[in-house]
Amino acid sequence: QVQLVESGGGLVQAGGSLRLSCAVSGRTLSSYGMGWFRQAPGKEREFAARISWSGGSTFYADSVKGRFTISRDNAKNTVLLQMNSLKPEDTAIYYCAARYHDIGPWGDWGQGTQVTVSS
């Protein structure tokens, strides 16, 4: 089990950028695939991006592809989500998640960080 703490959320105008950070503690980050999910008001939580344990493979939801970039620094136990060209529909609580050995369910979650994009 790992502990995840997100930061970097805030209020930004449409077209702007934010960088979210997920600090990981408890176990070796390199043993985990990592992901970012988001939940908008009144909607279910949805997948946004994920990165393999080695960082060699990434995958994005169509809604964020080309605008968001997920990366990881295993030495610093940190996972980042760079968000560019933000849109009002990106407004949501963003959650960091981990799954051991990059398989199975996402077993560990952070508390979330709010991102609000104004038009």
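Strands in this report are DSSP runs of E with at least two residues, numbered from the N terminus. Ser85, for example, is placed in the loop between strand 8 and strand 9, the latter covering residues 92-100. The model described here is a predicted one.

As a general point, the strands of a sheet pair through backbone hydrogen bonds, in either a parallel or an antiparallel arrangement.

Strand 8 takes part in two of the pairings described here. With strand 3, residues 18-25, strand 8 runs antiparallel and is joined by six bridges. Cys22 has Val79 of strand 8 as its bridge partner. Strand 8, residues 78-83, also pairs with strand 7 in the antiparallel sense, over six bridges. In that pairing, Thr69 stands opposite Gln82 of strand 8, and Ile70 stands opposite Leu81 of strand 8. The hairpin of strand 7 and strand 8 has four residues between the strands, and Asn77 there takes a positive phi near 55 degrees.

Strand 9 is largely enclosed by the rest of the structure, because seven of its nine residues are buried.

Strand 9 has several antiparallel partners. Strand 4, residues 32-39, pairs with strand 9 over eight bridges, and Trp36 has Cys96 of strand 9 as its bridge partner. Strand 10 is joined to strand 9 by two bridges, again running antiparallel; here Ala97 has Trp109 of strand 10 as its bridge partner. Strand 11, residues 113-118, pairs with strand 9 over three bridges, also in the antiparallel sense. Tyr94 stands opposite Thr113 of strand 11.

## Buried loop residues: Ser52 and Asp102

Ser52 belongs to the loop between strand 5, residues 46-51, and strand 6, residues 58-60. With a relative accessible area of 11%, Ser52 is buried. Leaving aside residues up to four places away in sequence, Ser52 touches Gly33, Ser57, Arg72 and Asp102.

Asp102, one of those contacts of Ser52, sits in the loop between strand 9 and strand 10, the latter covering residues 108-109. Asp102 counts as buried because its relative accessibility is 18%, and the limit for that class is under 20%. Asp102 is not a glycine, yet its phi is positive, at about 65 degrees.

Gly66 is found in the loop between strand 6 and strand 7. With a relative accessible area of 79%, Gly66 is exposed, as the class begins over 50%.

Ser85, in the loop between strand 8 and strand 9, is partly exposed, with a relative accessible area of 41%. Although Ser85 is not a glycine, its phi is positive, at about 50 degrees. Along the chain, Gly66 and Ser85 are 19 residues apart, while their C-alpha atoms are separated by 9.3 Å.

## The largest pocket

Empty space is found by rolling a probe the size of a water molecule over the atoms. The largest pocket in this model has a volume of about 190 Å³. It is lined by 13 residues, and those closest to its centre are Arg38, Lys43, Glu46, Glu89 and Asp90.

By class, the lining of this pocket consists of eight charged, three polar and two nonpolar residues. The charged class is made up of Asp, Glu, Lys and Arg.

Technical notes
Residues numbered from 1 in each chain as written. Predicted model: local features only at pLDDT ≥ 70, side-chain atom pairs only at ≥ 80, totals over all residues. Heavy atoms only, no water. Pairing = 2+ DSSP bridges. 1 Å grid on protein atoms, 1.4 Å probe; cavity = no way out; pocket = protein on both sides within 12 Å on 5 of 7 lines; lining within 4 Å. Points joined across faces, edges and corners; volume = space filled by probe spheres on them. Buried < 20%, exposed > 50% of the residue type's maximum accessible area, 1.4 Å probe, protein only. Contact = heavy atoms within 4.5 Å.
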